[in-house]
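Please examine the sequence and the three-dimensional structure shown below before reading on.

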Amino acid sequence: MCGSGLTQGFGVRSQDEYTIRSTMTQPQKKTRRQMLEEFVAAKPNDAFALYGLAMECANSGDAAAADEHFKAILGAHPDYVAAYFQYGQFLTRVGRVDEARSTLTAGVATARRTGDDHARSEMEAALADLG
């Protein structure tokens, strides 16, 4: 009887109604993507946040958003070498092989210019895998 007294004290008719009402008023936990989107909205030029959002979209299967965010980071931060590699990998996964080759080739040039030999060698290997 304790449960029904509790729910009636809050003006609800059943435990189920009480659960539904209390759930609706509780703040919902944000997803990783929502947090990244908020961070990017607050700091649109933060390269790491843009990169994180692009990766989150790619990993969750939102190809259109991933494509948009990878293009945004490379447009705003053309020396962000990791984005070339990950974007090239993404493009390969979604079957856009010619674009992947182009992106990886640009990434190799950027890595060479910025002195990132590790990233350069990874992108060269990815290009070789594409044939």
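The paragraphs below begin with the overall fold and then turn to particular helices, the core and the salt bridges.

This is a predicted model, in which local features need pLDDT of at least 70 and side-chain atom pairs count only at pLDDT 80 or more, while totals for chains, interfaces and linings use all residues. Residues are numbered from 1 along each chain as its sequence is written, and side-chain values use heavy atoms, with hydrogens and water left out.

The secondary structure of the protein consists of eight helices and zero strands. Helices (H or I, at least four residues) and strands (E, at least two) are DSSP runs, numbered from the N terminus. Along the sequence the pattern reads α-α-α-α-α-α-α-α. Of the 131 residues, 34% count as buried; buried means under 20% relative accessible area, exposed over 50%, and partly exposed in between, with a 1.4 Å probe and protein chains only. The protein exposes about 8,100 Å², of which carbon and sulfur atoms supply 55%. Such accessible areas come from the Shrake-Rupley method with a 1.4 Å probe, and for residues only the protein chains shown count as cover. Among contacts (heavy atoms within 4.5 Å) between residues at least 6 apart in sequence, 38% join residues at least 24 apart.

Helix 4 comprises residues 47-60, and its 14 residues reach 20 Å from the first C-alpha to the last, close to the 20 Å expected at 1.5 Å a residue. The expected span of a helix is 1.5 Å times one less than its number of residues. At the N-terminal end, Asp46 caps helix 4, with a side-chain oxygen 3.1 Å from the backbone nitrogen of Phe48. After helix 4 comes Gly61, whose phi is positive, near 90 degrees.

Why is helix 4 largely enclosed by the rest of the structure? Ten of its 14 residues are buried, so the remainder of the structure largely encloses helix 4. Among the buried residues are Ala47, Leu50, Tyr51, Leu53, Met55 and Cys57. The buried residues of helix 4 pack against helix 3 (32-42), helix 5 (63-76) and helix 6 (81-93).

The core carries this picture further. A nonpolar core is a set of buried Ala, Val, Leu, Ile, Met, Phe, Trp, Tyr and Cys residues joined through side-chain atoms within 4.5 Å. The largest such core has 31 residues, and Phe70, Phe90, Leu104 and Met123 touch the most other members. Helix 3, helix 4, helix 5, helix 6, helix 7 and helix 8 (117-130) each supply at least two residues of this core. The largest share, eight residues, comes from helix 4. Leaving aside residues up to four places away in sequence, Phe70 touches Ala54, Met55, Ala58, Ala83, Gln86, Tyr87 and Phe90.

Helix 7 can be read in a similar way. At 1.5 Å a residue, the 18 residues of helix 7 should span 26 Å, and its end C-alpha atoms are 25 Å apart, which agrees. The buried residues of helix 7 are Ala100, Thr103, Leu104, Gly107, Val108, Thr110 and Ala111, and they pack against helix 6 and helix 8. Gly115, whose phi is positive, near 80 degrees, follows helix 7.

The charged side chains remain to be considered. A salt bridge is a side-chain nitrogen of Lys or Arg within 4 Å of a carboxyl oxygen of Asp or Glu, and by this rule the count comes to twelve. In one of them, the side chains of Glu37 and Arg33 meet at 2.9 Å, N to O. Glu37 and Arg33 are four residues apart in helix 3, and so are separated by about one helical turn. Glu37 is partly exposed, with a relative accessible area of 33%, and Arg33 is partly exposed at 23%.

Arg33 also forms a salt bridge with Asp62, the closest N and O atoms being 2.8 Å apart. Because Arg33 lies in helix 3 and Asp62 in the loop between helix 4 and helix 5, the pair ties together parts that are 29 residues apart in sequence. Asp62 is partly exposed, with a relative accessible area of 26%.

Another salt bridge joins Arg101 and Asp98, with closest N and O atoms 3.1 Å apart. Both lie in helix 7 (residues 97-114), three residues apart, about one turn of the helix. Arg101 is partly exposed, with a relative accessible area of 27%, whereas Asp98 is exposed at 62%. Salt bridges that share partners join Asp67, Lys71, Arg96 and Glu99 into one network.

Methods. A polar contact is a pair of N or O atoms within 3.5 Å; within protein, one must be able to donate a hydrogen and the other to accept it, and residues adjacent in sequence count only if both atoms are side-chain atoms.
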